[in-house]
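Here are a few exercises to work through with the model open. Try each one yourself before you read the solution.

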Amino acid sequence: MALMLYQYIGIIIGIVGLIYSFIRFRESKMSLGMLLIWSVVWIVLIFLSIFPDATVYFADLTGIGRGLDVILILGLIGCFYLIFRIYNKIENIEQEITHIAREIALQQENIGSKEKKDEEN
Amino acid sequence: MPGKPVENINSPQSFNLVDMDIWVIIPAYNEEKIIGEVLEELFSRGLKLVIIDDGSIDRTYQIARNILDSNPGRGYLYKHPINRGLGATLKTGIEVSLAKGADIMVTFDADGQHNPDDILPVCQPIIRGHADVVIGVRDFDDMPGVKKVSNQLMNLITRIFYGASVKDSQSGLRAFNRNAAVALDIESREYGISSEIIREIKHKELKMEEVPIETIYTDYAMAKGTNLKVGIKILVRMIKDALK
């Protein structure tokens, strides 16, 4: 069975993704949970690239019809989920930045008014 | 703390007669043109101030610093190292005021749109024990057209999403007692704070009163505050809250 070009591309992207995920994990830049999720995503990508016909099974299962459509739809859902996660993460970071800004402000009470502080002490 | 002597004992500026510690919280972001005037007016009425500079890049901080130094012991000035928005700034101000032992906290915009004479009337329901929170209600008929429509829209949105019906959800002049200030659980960093405060009043079942106030719409103030872009941001925030 000769592989089509898109299959090679899929396999390469999957392998690069796997390696990248492992490196991120090893550098403690990715949690174990995220490593597992990403590994599954990349392995599924590699698997489907090698056996594209497997998507037909999912297509029948979900009633979507064509195998490729299933992949596209799943991909879109996956993207939305990731954007959602990133959005929440940014929101959390924003709140943390605000918290830090507030702490810095409170710690530097009356900065620039040294004479006055000295008088008070 | 004694302020300047009160000439007329019946004047609304007789803060000395009030047996409660009133602190005015002033959020300021790039207000160098007007903040000096606003602060002097408030100090001349014997009020105590907590000024929070929200990372201004102009001379707001220095101007406030100088005025504060010439009124020693009557105010505090803090500066966020970076701009974090109105909501974050008010929250800093409330935290400071609570720590300094304020009985009543008044939020007062630094852009000169409020009349300092409105502060005492806004505090009255709290002083009398009738309310935990007081919102100063601007007269919408006095507002320029765009402002009027956008404020009415924000009232409507606040009602739809938070189920709270108020006369002026975006007013910057409000008063809280300690009880209310502690209860407020606010997260909005930007202008959404105004609606969020309304939500909290409803959720925490705080007693609220609405007191009419004057609004001074200068060209300067017009360019600030809630515009369409900010309104859309607030809307998105509210939809998110509603989905939580």
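**Exercise 1.** Which residue is the bridge partner of I22(B) in strand 4 of chain B?

*Solution.* First, the ground rules: this is a predicted model, in which local features need pLDDT of at least 70 and side-chain atom pairs count only at pLDDT 80 or more, while totals for chains, interfaces and linings use all residues. Residues are numbered from 1 along each chain as its sequence is written, with chains lettered from A and ligands numbered from 1 in the order in which they are written. Strands here are DSSP runs of E with at least two residues, and helices are runs of H or I with at least four, numbered from the N terminus. Now look across from I22(B): the partner is I104(B). Strand 1 (residues 22–28) and strand 4 of chain B run parallel, joined by four bridges; strands pair if DSSP finds at least two bridges between them.

**Exercise 2.** Work out which way the side chains of strand 4 of chain B point.

*Solution.* Start with I104(B) and V106(B), which point one way, then take M105(B) and T107(B), which point the other way. All are buried (20 or more other C-beta atoms within 10 Å of the residue's own, placed from the backbone; 12 or fewer is exposed, in between partly exposed). Next, find F176(B) in strand 6, opposite M105(B).

**Exercise 3.** Describe where chain A meets chain B.

*Solution.* Count contacts (C-beta atoms, placed from the backbone, within 7 Å): 13 residues of chain A touch 15 of chain B. Helix 4 (residues 67–107) of chain A gives the most to its side, eight residues.

How values were computed. Contact = placed C-beta atoms within 7 Å.
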